[in-house]
Amino acid sequence: MLPRDTRVPGGIAILDLGTSTDSPGAVYFGEYRAPIVRTPDGWKAIVGIPLATEPGRQVVKLVTPSASDRDREIAFNVEPKAYATQNLTVEARKADPLPEDLKRIDAETERTERALATYTESRSPTWRWTVPVPGERSDSYGKRRVFNGLPRKPHSGMDIAAPTGTPIRNPAAGRVVETGDFFFNGNTVFVDHGQGVLTMYCHLSRIDVTSGDVVKEGDVLGLVGATGRVTGPHLHWGVSVNRAMVDPALLLEK
Ligand SMILES: [Zn+2]
């Protein structure tokens, strides 16, 4: 099973590599390497499309392993998608951080980028997952966000409402690559599923894993909470594919 092919900003494009040889090579979307998967119809690339992508023609590059087989470009079309605006009220400092918060935020942005840049070639992700927490899923992925009247980055994940203390179950096998208490995201866990597919779990009341832990599908990563920039207890779930935070709904069974 593959994710749902949805060629919009924040979506996923499943592209046919036109080969079924044993080693098809590496696929790049911009500078980032995308995961590939072997199917009965040959190899396919699973390409994350960043929210900021302009609609229109895009290309990935297939870098082939042998000199006799030339590198190729594979084109696809990104359709426009309009995302609504959402106004939220949070603690003043979380919308408009104090000067002393900015240093912390910069350091945490760097840690986050480093975690999401993990690329483990030897691990292959699975592609259809169970939801990490039962509960009401908001459809707020991609919404432009205004906190206390201040425009901020669009929402790049799925929010699932659940009471504080609800266990968060790892949706697919992987390895924990980073955990910590972040200014905006609160207590956070990052899991590497292989080939540039990473997930993040934010606002936890408790973290139950440490960096380096190998985690199976269904293992508890921590508990739902309301830490960081929140309006109430919920799980913020982010899914990164070739460094693009895509809509997690595209990977869920239903
Ligand atoms: Zn969220």
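This is a predicted model: local features need pLDDT of at least 70, side-chain atom pairs count only at pLDDT 80 or more; totals for chains, interfaces and linings use all residues.
View 1. The zinc ion is coordinated by His155 through NE2, by Asp159 through OD and by His236 through ND1, at 2.0 to 2.1 Å. Along the chain, the donors of the zinc ion follow the spacing H-x3-D-x76-H.

**View 2. The open sheet formed by β3, β2, β6 and β7.** Four strands, in the order β3-β2-β6-β7, form this open sheet with antiparallel pairing, and its edges are β3 (32-34) and β7 (72-78), each of which pairs on one side only. On average, and with direction ignored, neighbouring strands of the sheet are turned by 35 degrees against each other. Seven bridges link β6 (residues 56-63) to β7 in the antiparallel sense, and Lys61 stands opposite Glu73 in β7.

**View 3. His203, a residue with positive phi in strand β16.** Although His203 is not a glycine, its phi has a positive value near 75 degrees. His203 belongs to β16, which covers residues 197-204, and His203 is buried, with a relative accessible area of 4%.

**View 4. Asn242, a residue with positive phi in a loop.** The loop that holds Asn242 runs between β20 (234-241) and β21 (244-246), and here the phi of Asn242 is positive, at about 40 degrees, although this residue is not a glycine. With a relative accessible area of 4%, Asn242 is buried.

Technical notes
Residues are numbered from 1 along each chain as its sequence is written. Side-chain values use heavy atoms; hydrogens and water are left out. Two strands pair if DSSP finds at least two bridges between them. Helices (H or I, at least four residues) and strands (E, at least two) are DSSP runs, numbered from the N terminus. Axes are lines fitted to C-alpha atoms, for helices over the stretch in contact, and angles run from 0 to 180 degrees between N-to-C directions. Donors are N, O and S atoms within 2.8 Å of the metal (3.2 Å for Na, K and Ca); water is not among the atoms, so sites may look incomplete. Buried means under 20% relative accessible area, exposed over 50%, partly exposed in between (1.4 Å probe, protein chains only).
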